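Hi,

Here is the structure I promised to pass on to you. Please have a look at it first, and then read my notes below.

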Amino acid sequence: MSKPDSKLDKYAQRDRLGLWGTGDNEVVGSLSGFTRLLDKRYSKGLAFTHEERQQLGIHGMLPYVVREPSEQVEHCRALLARLDQDLDKYMYLISLSERNERLFYNVLSSDIAYMMPLVYTPTVGLACQRYSLIHQNAKGMFISIKDKGHIYDVLKNWPETDVRAIVVTDGERILGLGDLGANGMGIPVGKLSLYTALAGIKPSQCLPITLDVGTNTESILEDPLYIGLRERRATGDLYDEFIDEFMHACVRRFGQNCLIQFEDFANANAFRLLSKYRDSFCTFNDDIQGTASVAVAGLLASLKIKKTQLKDNTLLFLGAGEAALGIANLCLMAMKVEGLTEEEAKARIWMVDRCRYIIKIHPDTYRCFLCSRGVITRDRPKGGLTEHKLHFAQLHEPIDTLAEAVRKVRPNVLIGAAAQGGAFNQEILELMADINETPIIFALSNPTSKAECTAEEAYTYTKGRCIFASGSPFAPVTYNNKKFYPGQGNNSYIFPGVALGVLCAGMLNIPEQVFLVAAERLAELVSKDDLAKGSLYPPLSSIVSCSMAIAERIVEYAYKNGLATVRPEPVNKLAFIKAQMYDLDYPRSVPATYKM
Ligand SMILES: O=C([O-])CC(=O)C(=O)O
Ligand SMILES: [Mg+2]
């Protein structure tokens, strides 16, 4: 690199110093300059240098100034700061991602703890509730049940051929907000933006998909602005054949090693589809397995404070859906690794179901018609429990309420995953504090309105003694002059790193063990300082390095267990992973050899 020449103005100096490009990802091609200016993937906005503007024939299309990428980020942040509503900030950021993708990711990376709640939970929940109103640009693919028989042809319309990761939803259980139909598209879009922001998976390799099979939500069916198929949900064989065709079409179009992450499907479908596809496709369900992994990581970290093992604890769940059963299964696996038998481990895991009367309305679909809660016990009427719940049913007389369950089971760990905002009320939290010196309280449901309690309630009603984590972020809380920094037990600590590891190793399927490996790695990354501040997770500002560390462990696991297909095996796995990651620097737009 040459020395600065004081006679040149600052723009010419930057050109001369080659500060605009990294050379290795230079973009020289047949695209016209004007196309590049307007294409989110190539645009640099005001960061195009004068040299580039002249070379590309866009000179005069931009004002004179050339901005440093860091100045562009500052400018975007100033614009964001002018907006009062989070939903407006979300819309601004999404439109930025459509104009200048790299700048969008640089803005996210500039302050991940501030930006994440705007593109992810909780704001993404609001965005989904208003998706038909705020939808402006085509983002991702909508494949409707009307496309059945032609899904492969529809996928061929996607302009990128090297898709490595798909996040797919059918919109039936969007966060804890229920059936939002095609409005659920915000979720795959948001999750994949974290693939890039948190794990450096290239945006061009990511494809968000909404499978529009209708919706059963009356208010959405009646919304004149609704962007989706205005029909009731397809179910039964029709639904199953549609999903099956989709899975095979993805493999035919993008290859067997294209990762398919299931997100926010309803309970019964989520479990069924996971067990149907997990052995023959590269797939996982984030709500079951990602949530389980992050919760187990938090538990493992909390045990460092309590200096116990997982097997020394009794866990009580509120909820017996995807998250609760996923966490329970992974805890079972971890306790068995610690030496317990399956039966001994199950005796430590209790669940309070949302409903005591669940009726089978389809061979695989159960619906609740009478919502009164109760502990899952074996004496429930046969047919009232799904196979997954039955797995954790206790031999015990009926226990009807959560408070009664806390009194009788005397758990040290209380986990909320029932999307019942406020269910951990003062009585429940005080009971937990009576029973335990240091109760562990996880309020994992999303978005914030569905959290079983707030951070403030947890610390206040346990007199500052609890260890708390939540799925959506809460601000620090001061109680009795001590400041607590609640950790965000959100699957975003897990799924980007798992995806990066799976892709780098070229895994063709993802065994359950991967999620325990990821949990253990994440728990190792929690420092004494984090724990002292009351946080069970590393700070969000370090989440990219967490993803890389998780990916490294998974790549090692994959090679050790014969699951990797990428040859030759990289010697330095972390370096190999880093080399695959998205470069936040703008690529050079003109040949590197050209100098003014
Ligand atoms: O999206 C999130 O924040 C976590 C998640 O998967 C869910 O709640 O469904
Ligand atoms: Mg989800």
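A word on naming first: helices (H or I, at least four residues) and strands (E, at least two) are DSSP runs, numbered from the N terminus. This is a predicted model, in which local features need pLDDT of at least 70 and side-chain atom pairs count only at pLDDT 80 or more, while totals for chains, interfaces and linings use all residues. Residues are numbered from 1 along each chain as its sequence is written, and chains are lettered from A and ligands numbered from 1 in the order in which they are written.

Let me start with the two cis peptide bonds. One runs from Thr121 to Pro122, with omega near 10°, and Pro122 sits in the loop between α7 (112-119) and α8 (123-129). The other joins Asn446 and Pro447, with omega about -10°; Pro447 belongs to the loop between β12 (440-443) and α21 (455-461).

Thr121 and Asn446 turn up again around ligand 1, together with Leu175, Asp264, Asp286, Asp287, Gly471, Asn490 and Asn491. A residue counts as near the ligand if its C-beta atom, placed from the backbone, lies within 6 Å of it. By class, this shell has one nonpolar, five polar and three charged residues. Here Ala, Val, Leu, Ile, Met, Phe, Trp, Tyr, Cys and Pro are nonpolar, Asp, Glu, Lys and Arg are charged, and the others, Gly among them, are polar.

Now the overall layout. The chain has 26 helices and 16 strands, and is divided into domain 1 (113-281), domain 2 (289-489) and domain 3 (495-580), with bounds that come from an automatic or database domain assignment. The contact between domain 1 and domain 2 takes 13 residues from domain 1 and 17 residues from domain 2; two residues are in contact if their C-beta atoms, placed from the backbone, lie within 7 Å. On the side of domain 1, helix α14 (residues 267-277) gives the most, with five residues.

There is also an open sheet of five strands, in the order β1-β3-β2-β4-β5, with parallel pairing. Strands pair if DSSP finds at least two bridges between them. The edges are β1 (141-144) and β5 (283-285), each pairing on one side only. Within the sheet, β2 (residues 165-169) and β3 (residues 206-212) are joined in the parallel sense by five bridges, and Val167 has Pro208 in β3 as its bridge partner.

What about strand β7 (residues 349-353): how many of its residues are buried? Five of the five are, so β7 is largely enclosed by the rest of the structure. Buried means that 20 or more other C-beta atoms lie within 10 Å of a residue's own, exposed that 12 or fewer do, and partly exposed in between, with C-beta atoms placed from the backbone. Ile349, Met351 and Asp353 cover one side of β7, and Trp350 and Val352 the other. Strand β6 (residues 315-318) runs parallel to β7, joined by four bridges, and Phe317 stands opposite Met351. Strand β10 (residues 374-375) is antiparallel to β7, with two bridges, and Asp353 stands opposite Gly374.

Finally, two residues other than glycine have positive phi. Arg410 has phi near 50° and counts as partly exposed because it has 14 C-beta neighbours inside 10 Å. Asn480 also has phi near 50°, but with 8 such neighbours inside 10 Å it counts as exposed.

Best wishes
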